[in-house]
Amino acid sequence: MLKKTLTLALYVMACMLAGAQEMTMEDAISTARTQSVAALEARHAFVSTYWAWRTYRASRLPSLSLYGELMNYDRSLVLLQNYENGELKYSTSHSLQNSLGLRISQNVTFTGGVLTAYSDLSRIDQFSGKNSLTWYSQPITISYRQPLFAYNQFKWDKLISPKEYERGKRVYIEAMEKITINVVSAYNALILAAMNNSIARTNYENTVRMHDVARERMKLGSVTRDEYLQLELRMLNDSISINETAVAVRDAQMNLNSLLGFDESVEIVPVLEENLPDVMMDYDMVMDKTLSNSSFNLDNEISILNARAGVAKAKADRGITMSLNAKFGLSDTAPHLGESYRSPLDQEVVGLSFSVPVFDWGLGKGKVQKAKAAEAVARAQVQQSENDYRRTIFTAVGQFNNQARQCSVSKRAMIIAGERYQLTMENFRNGSASVTDLNTAQSENDSAVQKYITDVSNYWNYYYTLRQYALYDFIAGRDIDVNEEEMIEELVK
């Protein structure tokens, strides 16, 4: 009965939609995940996360830079002081300066310091008074800056950034699964709309035949005028329903097209999946996959880490601020380029700078307490979200397992309702059933078909919702992952 009804529904829909093409639910899902606007947005959102990760990794590596000043021409009056008598006077400055250097720097994650090595060369041309030329070279200089008792941004970035990148990957997969859920919902909505239109057309044809039978029976006195008018009214309502359901089909078609990235010229004939997979969900297994695969746990971990980082920063900013600066290198100056590298002199600079808050009116303490309160709130929110999440998964697993049984029951109910409707029409022709019996059987058959289609739609919605939670393909028995390198290469082509 279902196959006959569905075949008729698809035939009617294909007739309504000139040039329509048949598409399975799997085809619709694949199309949406490939070319829809939502899929494109999800991919580019992941690309942004990917390059943020690449930026973090680059910050862990040595950086090489070329620096300098070219054609720095200066002709001006400069205020000078005689070192013997302290007399101040303006003197003419007329010079041209050029410099060029190469610097390599490395962030030290463990300590939060910065190690730098550089080599540079400067040339000064003096035009005031007696013209002169001076070269100044620094063949090699190594410097190190180490904050003491300070907030180590490098350390916290190392803890947080990898988790943020992994979360970005999982958020992308979850976004694609959300697209799947939306497509499945729209796809089954189109099936239901097409089925309703087919039911309306079938009901109209059946009511017309029963109306003719009632006319003959009314002549024999076995059908009253009131019952005859009931059938005529039902026939009119069925004709109205045909137009209303046709509009609903077109609306469902446009909604599905929008999700698939198609324009209004594409017409799709959906196919109802009668053979549901034999899958039974186990709560513990689903929960384990959810916690290990989804972005939920990473969200919580990142939230706690950010709160801890806030406390560490507030404590560091409150206390003594000290910085150790050390530099060792070679340098020389000479009127000729070669001579400036001949006998360089060594130079050493070591210094310790500090800042000690004496009295800040409780500002530092307030920031620390505020950060600790934020951390406590974050931990409480994480605990609450974990409890709510477990309850959500438990409910979702129960809904899915119950829905599989529900589909089996509603399918049997639909078959029985269809047989009863056919039998009632035959009895009405024979005079052993009333118009009320006929209308009741027709309404029950319509409801049973709609109930089965709705139950199948809910089955797939529950299944793909659990798949989005767990990022696990329960039918194939494997985790859902993404090859980010291939996706990046595809997007940057």
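How many bridges pair strand S3 (residues 88-108) with strand S4 (residues 113-126), and in which sense do the two strands run? In this predicted model, S3 and S4 are joined over 14 bridges, and their pairing is antiparallel. Within this pair, Gly101 has Asp120 of S4 standing opposite.

**The sheet**

The two strands belong to an open sheet of six strands, whose order is S2-S3-S4-S5-S7-S8 and whose pairing is antiparallel. At the edges of the sheet lie strand S2 (63-81) and strand S8 (345-355), each of which pairs on one side only. From one strand to the next, the twist averages 20 degrees.

The antiparallel strands S2 and S3 are joined by 17 bridges, and Val78 has Ser91 in S3 as its bridge partner. The table sets the two pairs of strands side by side.

| Strand pair | Sense | Bridges |
|---|---|---|
| S2 and S3 | antiparallel | 17 bridges |
| S3 and S4 | antiparallel | 14 bridges |

**A cavity lined by helices**

When the whole structure is searched, one cavity of 30 Å³ or more is found, and the volume of the largest cavity is about 30 Å³. Its lining is made up of Asn203, Asn206, Thr207, Met210, Leu231, Arg234, Tyr421, Leu438, Asn439 and Gln442. Two or more of the lining residues come from each of helix H4 (153-220), helix H5 (225-260) and helix H9 (435-470), and among these elements H4 gives the most, with four residues. Sorted by class, the lining has four nonpolar residues, five polar residues and one charged residue.

**A residue in helix H7**

Is Ala309, which has 6% relative accessibility, buried or exposed? Ala309 counts as buried because its relative accessibility of 6% falls under the 20% that sets the limit for this class. The residue is placed in helix H7 (residues 296-318). Leaving aside residues up to four places away in sequence, Ala309 touches Tyr151 and Trp156.

Note on methods:
Residues are numbered from 1 along each chain as its sequence is written. This is a predicted model: local features need pLDDT of at least 70, side-chain atom pairs count only at pLDDT 80 or more; totals for chains, interfaces and linings use all residues. Side-chain values use heavy atoms; hydrogens and water are left out. Two strands pair if DSSP finds at least two bridges between them. Axes are lines fitted to C-alpha atoms, for helices over the stretch in contact, and angles run from 0 to 180 degrees between N-to-C directions. On a 1 Å grid over the protein atoms alone, a cavity is a set of points where a 1.4 Å probe fits but cannot get out, and a pocket is an open set with protein on both sides within 12 Å along at least five of seven lines; lining residues have an atom within 4 Å of a point. Grid points are joined across faces, edges and corners, and a volume is the space filled by probe spheres set on the points. Ala, Val, Leu, Ile, Met, Phe, Trp, Tyr, Cys and Pro count as nonpolar, Asp, Glu, Lys and Arg as charged, and the others, Gly among them, as polar. Buried means under 20% relative accessible area, exposed over 50%, partly exposed in between (1.4 Å probe, protein chains only). Contact means heavy atoms within 4.5 Å.
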